[in-house]
Amino acid sequence: MSDTAPIAAQGAGVGRSGRVALWARSLGGGLAPVLTVVAALVALWYLACIPMNASQSVLDASRAGIEVTPASPSDRRGMSGTALALQNPGVALSNAYVQDRPKLPAPHQVAAELWTGLAGAAPTSPRSLIYHGWVTLSATGLGFAIGTVMGILLAVGIVHSRVMDMSVMPWAIISQTIPIIAIAPMIIVVLYSVGIQGLVPKAIISAYLSFFPVVVGMVKGLRSPDAMQIDLLRTYGASRGEMFWKLRLPSSMPYLFASLKIGFAASLVGAIVGELPTGATAGLGARLLAGSYYGQTIQIWSALFAAAILAALSVGVIGALERGLLARMGMRR
Amino acid sequence: MALVIAALVLWALGWTLNARLANGPQAGLPLVQLAVPVIFGLTLIAMWELIVRGLSVPGVILPAPTVIAATFAAQAGTLWQDFVQTFVKGALSGFLIGCAAAFAVAILADRTEFLRRGILPVGNFMAALPIVGTAPILVMWFGFDWHSKAAVVVVMVFFPMLVNTVAGLADTGPMQRDLMRTYGASYLQTLVKLRLPAAMPFIFNGLKISTTLALIGAIVAEFFGSPIRGVGFRISTSVGQLALDMVWAEIVVAALAGTLFYGAVAALEKRVTFWHPSHRR
C-alpha cells in the first residue's frame, strides 16, 4: 500500500487528512460493527438482570420494610420475574445489581470478581484465578502437545501406508462424531486407582481430545499438494523423504494450524471437565463445581470468563504463530 | 501368558490380512474398503479381550469387551431410559431449538451489512470458547431435569450454527444476485430461491458440527446435577461405584447415538445438496 492516501478517498478533502479518513472508513468496516454487537449484548445482559433477579430483589425490599405489590410471599411464588419487575419497577431496578448471590450477576460484578481474582491475590494462593488458570492451562498444554505430536505422527503414517490409511482413517473420522468427553471421569478415577493423579490424567484427556482433529486435518494437509507438484518433484528424482520435507510438510501448514485451533479448544474443555470428579481442589473446572455447590454465582461467572480469556489468548497465540510462519514461508493469503 | 501371545499372533494375522487386501488388486472395491476397517476394529477388540483375560486385569481398571456386552444386554432397559433422557429430551430438543434460533437470528442479521460484519467475528470468537462451562449456571436456572440440559445444548450449538448460516447466506456471487434482480425478484424470492439453497452446504456444516456439540453439552451438563437417569448421570455415579462395565456400556450408547445422529444429518445433507461438487460422482 502506498504511503499517501489516494485523493479520491471518501472524505479525503473535507478537513481531515486522507489517512485519518481512510482510518475512519476502515473503522466503519471493521471495529465499529463488532463493538456495536458487543455493546448490544452487554446492554441485553444488564436488562436481563432485572427480571432474573426480581424475586430476590422484591424479597430483600419487603424484608427491609418497603411496600411491595403482592405483599405476601405465597402470592409472589408463582409469579414470573418479568411480572414482578413490572409491578415493582423501583425496587426491582435498585436491587438488581447489588445482590450477593444474584441469579444473574451484572457484568460489572463479574468484572470486579474477575479483577480481584486476577490481581487481588498472590498468584500462588488458591484464591487467585491465575493459580487456577495455570493449573488448568498446564494440563491443557501438556495434553495438547502430546496429542498434537501423536496426531502428526499418525497422519504421516496414514499418508505413507495404504494399510494404515484404510484401517485407521475411517475410525478417526467416526471418532469425530462421538462425544469422547464422556470417558473423562472414568480416566480420572481409573488412573487414580492405580496411583496416578494430578496433572497427568487431565493431560491424557486433553491429549485424547486434541488427537483426532489433528489427525484428520493433517492427513488432509499432507495430501493437499496436487498431482502437478508431485509429478514435478518426481521428475527431479526426489526420494519419498525429500517429497515429504520439501512439499508435503510445508503445504500442510495451513491445515495443521486450523486443526490446532480446534484441538486446543477441545483440550481446554477436556481439562476443565477432567477437574470435575477430582473433588474440586484446583483448576477452573474445580472453581465452576465449587461455585455450583455453594451457589456462588459470581464465582462461577468469573471462572467461566477466566476460561474464556484463556481460550481466546491461546487461540490468539496460535493464530499469531500461524501468521508469522506462513508469512515467512511466503504462503500468506 | 498364552492368551497374550495369542493376542500378538492375532494382531500379526489381522495386519497381514489387511495389508494383503489394501495392496491387492481389489483394493478399490467398496466391499474391501468396508472390510479393512472392520477387520482392524475386530482385531483390536479381540486383542483387548485376550490381553485383559491373559493378564487378568481387574474389572475396576478395564473390563473385557464380553463383560461390557453382557452388561449392555442385561441393562438394556436402564440404558434405553438413559438414552431417552439424555438424547431425545436433552440433546435433540436443545439441538432443534438452538439451530432454529440461530437460523432466525442469521436471517434477521443478514438484512443489514453492518450487523453481519459485527456478528461474524463475535460469533466466531464465541464458538471457540469453552461454552460447556455455562452448564452449572444453567442447571441452577432451569433445575435438574432435562430442561437445563436442553438449555446448555442451545447455548452450545447457537454460535457455530449462527456463524455458518451467516457465512452461507453471503455465499452468492454478484452475477447470481444481479440475475435475480433482472428478473425483478423481491427480497423474499431471492432469499428462498437463490440464497437459502446456496447457503445449504454451510448450514449443513453447522448442523453436523452441532450434532456432536449437542451430545457433549447434554452429557457434561448431567455431571453438574441430574435426576436419577441420563447417560452423564449414570457415567458419573457408576464411576463412583467402580462399575466400569456399566460406564463402558453407556459410552457405547453415547458413541452409537453420536454416530447415528451425525449419519442422519449427513444423509439429509446428501439429499438436499446433491448439486454441490463434493457430492457429485
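Helix H8 of chain A passes helix H15 of chain A in a right-handed crossing. The model is predicted.

**Helix pair in chain A**
- Two packed helices are described by the angle between their axes and the distance between the axes.
- H8(A) spans residues 129-160 and H15(A) spans residues 297-328.
- Their packing angle is about 50 degrees, and their axes are 11 Å apart.
- From H8(A), the contact uses A:Leu129, A:Gly133 and A:Leu137.
- From H15(A), A:Ser302, A:Ala306 and A:Leu310 take part.
- By type, the residues of this contact are 4 nonpolar, 2 polar and no charged.

**Contact between chains A and B**
- Chain B brings 50 residues to the contact, and chain A brings 46 residues.
- On the side of chain B that touches chain A, seven helices are listed as giving two or more residues each: H1 (2-23), H2 (30-54), H5 (113-127), H6 (135-142), H9 (187-223), H10 (231-240) and H11 (244-272).
- That side of chain B holds 37 nonpolar residues, 12 polar and 1 charged.

**Domains of chain B**
- Chain B splits into domain 1 (2-57) and domain 2 (72-279).
- The C-alpha centres of domain 1 of chain B and domain 2 of chain B are 35 Å apart.

**Positive phi in chain B loops**
- Most residues other than glycine have a negative phi.
- B:Ser56 is not a glycine, yet has a positive phi of about 40 degrees.
- B:Ser56 sits in the loop between H2 and helix H3 (65-74) of chain B.
- B:Ser56 counts as exposed because it has 8 C-beta neighbours inside 10 Å, and the cut-off for exposed is 12 or fewer.
- B:Leu242 is not a glycine either, and has a positive phi of about 60 degrees.
- B:Leu242 belongs to the loop between H10 and H11 of chain B.
- B:Leu242 has 17 other C-beta atoms within 10 Å, so B:Leu242 is partly exposed.

Technical notes: Residues are numbered from 1 along each chain as its sequence is written. Chains are lettered from A and ligands numbered from 1 in the order in which they are written. This is a predicted model: local features need pLDDT of at least 70, side-chain atom pairs count only at pLDDT 80 or more; totals for chains, interfaces and linings use all residues. Two residues are in contact if their C-beta atoms, placed from the backbone, lie within 7 Å. Helices (H or I, at least four residues) and strands (E, at least two) are DSSP runs, numbered from the N terminus. Ala, Val, Leu, Ile, Met, Phe, Trp, Tyr, Cys and Pro count as nonpolar, Asp, Glu, Lys and Arg as charged, and the others, Gly among them, as polar. Domain bounds come from an automatic or database domain assignment. Axes are lines fitted to C-alpha atoms, for helices over the stretch in contact, and angles run from 0 to 180 degrees between N-to-C directions. A crossing is left-handed if the near helix is turned anticlockwise from the far one by less than a right angle, and right-handed if clockwise. A residue is buried if 20 or more other C-beta atoms lie within 10 Å of its own, exposed if 12 or fewer, and partly exposed in between; C-beta atoms are placed from the backbone.
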